[in-house]
Amino acid sequence: MLDIQAQTDEKLVQRKAQKFNLWLGMLGMFMMFAALSSGFIVYTASGVDKGIKTLLPDTFVYSTIVIVVSSLTMFLAHRAAKNGDSSKQKLLLMVTFVLGIVFFALQVHAWNVLTERGVYFVNNNASQSFIYIFTGMHLAHIIAGLIVLIGAIIGANKLSKDGNLFRMDLASIFWHFLDLLWIYIYVFLLLNQ
């Protein structure tokens, strides 16, 4: 009996550590984007010739809609997991995954629109380069989020209900963080265009 209790306690401690590590990682990501924002502000304040000097592609609006909808499908997948409906959970996770891929494709399309306008990553105006840095760093995190979603889809059937819920907790927290991070980036760039 004591052995089972010790294993349960150990699992609980391990899960708390994993959740803490996730929050710590997200704090680090937030700090990185805050530092990039500060760098952008300092650079653009250094002269009137600085600044984005172009309109953001309309594609960013569509990608924002897609990522917000994906956050909704993730929320519904998490609720399905809590209710023990693994088939609904997997379906909603797959929809979330597809929406993540669509978001990624829309961001790449936005880069194409920018290059068609003559806005390149490497140019004399670093403010324009920041568009690529912000969106590129966010896309790197979207890739991580997609990997997390794959793990959640696989775990929906393979894990116990308790293990599945824990994995869904972590995946949901991370995916919603990515959603909020994108909204911050988009609004920040929109206000500084």
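Me: In this predicted model, which residue has a side chain joined to that of Ser 63 by a polar contact, and at what distance?
Reply: Ser 63 is found in helix 2, and among the residues in contact with it, leaving aside neighbours within four places in sequence, are Phe 103, Leu 106 and Trp 182. The polar contact between side chains, however, joins Ser 63 to Gln 107, and its length is 2.9 Å.

Me: Is Ser 63 buried or exposed, and what is its relative accessible area?
Reply: A residue counts as buried when its relative accessible area is under 20%. Ser 63 falls into that class, because its relative accessible area is 0%.

Me: How are helix 2 and helix 3 oriented towards each other, parallel or antiparallel?
Reply: Helix 2, residues 59-82, and helix 3, residues 86-116, pack with their axes 8 Å apart and at an angle of about 165 degrees. Angles over 145 degrees count as roughly antiparallel, and therefore helix 2 is, relative to helix 3, roughly antiparallel.

Me: How many nonpolar residues take part in the contact of helix 2 with helix 3?
Reply: The crossing of these two helices, helix 2 and helix 3, is left-handed. When the residues of their contact are divided by class, one is charged, eight are polar and the nonpolar ones number 19.

Me: Are helix 3 and helix 5 roughly parallel or roughly antiparallel?
Reply: Helix 5 covers residues 161-191, and it packs with helix 3 at an angle of about 25 degrees, the axes being 13 Å apart. Since angles under 35 degrees count as roughly parallel, the description that applies to helix 3 and helix 5 is roughly parallel.

Me: Which residues of helix 5 make the contact with helix 3?
Reply: The crossing of helix 3 and helix 5 is left-handed. On the side of helix 3 the contact is made by Gln 89, Leu 93, Thr 96, Gly 100, Phe 103 and Gln 107, while on the side of helix 5 it is made by Asn 164, Met 168, Trp 175 and Trp 182.

Me: What is the angle at which helix 3 and helix 4 pack?
Reply: Helix 3 passes helix 4 in a left-handed crossing, and by class the contact between them has 19 nonpolar, 10 polar and one charged residues. The axes of helix 3 and helix 4 are 10 Å apart, and the angle is about 160 degrees.

Me: Which residue has its backbone nitrogen 3.0 Å from a polar atom of the side chain of Asn 125?
Reply: Asn 125 is found in the loop between helix 3 and helix 4, and it is buried, with a relative accessible area of 11%. Leaving aside neighbours within four places in sequence, the residues in contact with Asn 125 include Tyr 43, Asp 49 and Lys 53. The backbone nitrogen at 3.0 Å from its side chain belongs to Ser 127.

Me: What is the phi of Lys 53?
Reply: Lys 53 has its place in the loop between helix 1 and helix 2, and at 54% relative accessibility it counts as exposed. Most residues other than glycine have a negative phi. Lys 53 is not a glycine, yet its phi is positive, at about 55 degrees.

Me: How far apart are the C-alpha atoms of Tyr 43 and Val 102?
Reply: Tyr 43 lies in helix 1, and among the residues it touches, not counting those up to four places away in sequence, are Lys 50, Asn 124 and Ala 126. Tyr 43 and Val 102 are 59 residues apart along the chain, and their C-alpha atoms are separated by 32 Å.

Methods:
Residues are numbered from 1 along each chain as its sequence is written. This is a predicted model: local features need pLDDT of at least 70, side-chain atom pairs count only at pLDDT 80 or more; totals for chains, interfaces and linings use all residues. Side-chain values use heavy atoms; hydrogens and water are left out. Axes are lines fitted to C-alpha atoms, for helices over the stretch in contact, and angles run from 0 to 180 degrees between N-to-C directions. Helices (H or I, at least four residues) and strands (E, at least two) are DSSP runs, numbered from the N terminus. Angles under 35 degrees count as roughly parallel, over 145 as roughly antiparallel, 65 to 115 as roughly perpendicular and the rest as oblique. A crossing is left-handed if the near helix is turned anticlockwise from the far one by less than a right angle, and right-handed if clockwise. Ala, Val, Leu, Ile, Met, Phe, Trp, Tyr, Cys and Pro count as nonpolar, Asp, Glu, Lys and Arg as charged, and the others, Gly among them, as polar. Buried means under 20% relative accessible area, exposed over 50%, partly exposed in between (1.4 Å probe, protein chains only). A polar contact is a pair of N or O atoms within 3.5 Å; within protein, one must be able to donate a hydrogen and the other to accept it, and residues adjacent in sequence count only if both atoms are side-chain atoms. Contact means heavy atoms within 4.5 Å.
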